[in-house]
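Welcome, and thank you for taking a look at this model with us. Here is a short tour, one topic at a time.

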Amino acid sequence: MLLMGMVAVLALSLASAMAGSDMKEITPPTVGVEKDWTIELVSGALFSNVRDPAPVEGYTLIPMVATASLKLDDVSLDNFWGGWLRGYSEFYFSGGYYQIVSGPEDHYEGIMVGPRYNFVQPGWKIVPFISGGVGLGFINSRPQFGGMGEDFNFSFEVSAGAKYMITDEWFARLAIEYKHISNAGMSEPTNPNNPIDALGPQLSVGYTF
């Protein structure tokens, strides 16, 4: 009887442990991820050396960007690669004004769209991410001073960083961004295509709903 009782207690303990494990797997991964939309305001600095043999050595751009993001899927709860790739994807839309504080031109305005993937772990308030986007924009080109070849340009960007969930709704995001601006050679041969390749930190504050 004692042995049977011990076996029963052990079986109940194992069942409880397995149930607890299952519950942990379906625990909400972190705060804020149940919301579909985010909006945020972004600023920072981008530092660039125009590709050789352009005569201008570099640019410094100060971005002022508004971004909206739509969540495309729910947080995956599988254990692929140990769960380190657990997360969800978004699609973002942004419009920005870039003040050029160093370089031949004065300003650049553009729009961007692209995907973002957020890496989510249970209980974490820090959410790492990677993203990339494509877009177009306009600059007050000054090719006579070694600047961009024409006003209309294409662009693409990639970034990586993390956001910190301050509350269920509010967050701050820190990232490193690379941005390329170019007219794809459309101004040649009249004016050379002198693309901007910029890299720098970005800081934003956002709201989820």
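I39 lies in strand β1, which covers residues 37-44; helices (H or I, at least four residues) and strands (E, at least two) are DSSP runs, numbered from the N terminus. With a relative accessible area of 40%, I39 is partly exposed. On this scale, buried means under 20% relative accessible area, exposed means over 50%, and partly exposed is in between (1.4 Å probe, protein chains only).

I39 also belongs to a nonpolar surface patch together with W37, F93, V113, V134, F156 and F209, and the accessible area of the patch is about 610 Å². Patches are made of residues with over 30% relative accessible area and no salt bridge, where like charges are joined within 9 Å and nonpolar side chains (Val, Leu, Ile, Met, Phe, Trp, Tyr) within 5 Å. Accessible areas come from the Shrake-Rupley method with a 1.4 Å probe, and for residues only the protein chains shown count as cover.

## How to read the model

The model is predicted: local features need pLDDT of at least 70 and side-chain atom pairs count only at pLDDT 80 or more, while totals for chains, interfaces and linings use all residues. Residues are numbered from 1 along each chain as its sequence is written, and side-chain values use heavy atoms, with hydrogens and water left out.

## The overall fold

The protein chain has one helix and nine strands, and from the N terminus on the order is α-β-β-β-β-β-β-β-β-β. Of its 209 residues, 41% count as buried. The protein chain exposes about 11,300 Å², and 70% of that is supplied by carbon and sulfur atoms.

Contact here means heavy atoms within 4.5 Å. Taking contacts between residues at least 6 apart in sequence, 65% join residues at least 24 apart.

## Salt bridges

Side chains of opposite charge can pair when their charged atoms come close. A salt bridge is defined as a side-chain nitrogen of Lys or Arg within 4 Å of a carboxyl oxygen of Asp or Glu, and a search of the whole structure finds six. One of them joins E169 and K35, at 3.4 Å from N to O. This pair links distant parts of the chain, 134 residues apart: E169 is in the loop between β7 (152-165) and β8 (170-182), and K35 is in the loop between α1 (2-25) and β1. E169 is partly exposed, with a relative accessible area of 27%.

R116 and E90 form another salt bridge, at 3.2 Å from N to O. Here too the pair links distant parts of the chain, with R116 in strand β5 (residues 107-119) and E90 in strand β4 (residues 87-102), 26 residues apart. Both R116 and E90 are buried. What about K71 and D74, how far apart are their closest N and O atoms? They are 3.9 Å apart, in a salt bridge; K71 is buried at 11% relative accessible area, whereas D74 is exposed at 61%.

## Rings and the charges over them

Rings of Phe, Tyr and Trp (its six-membered ring) pair if their centres lie within 6.5 Å; planes under 30 degrees apart count as stacked, over 60 as edge-to-face and the rest as tilted. By this rule there are nine aromatic pairs. Y117 and F119 form an edge-to-face pair, 5.0 Å centre to centre with 80° between the planes. Y117 is partly exposed, at 25% relative accessible area. Elsewhere, ring pairs link F138, F152 and F154 into a cluster.

K71 lies over the face of Y88, 5.8 Å from the ring centre, and the charged end of R116 sits over the ring of F129, 5.7 Å from its centre. The rule is that NZ of Lys or CZ of Arg is within 6 Å of the ring centre and within 35 degrees of the ring normal.

## Two loop residues

G149 lies in the loop between β6 (126-139) and β7 and is buried, with a relative accessible area of 3%. Its C-alpha atom is 5.1 Å from that of N193, 44 residues apart along the chain. Not counting residues up to four places away in sequence, G149 touches S141, P143, N183, S187, N191 and P192.

M186 is found in the loop between β8 and β9 (196-208) and is partly exposed, at 44% relative accessibility. Leaving aside neighbours within four places in sequence, M186 is in contact with E150, F152 and F154. The C-alpha atoms of M186 and E150 are separated by 8.2 Å, and the two residues are 36 apart along the chain.
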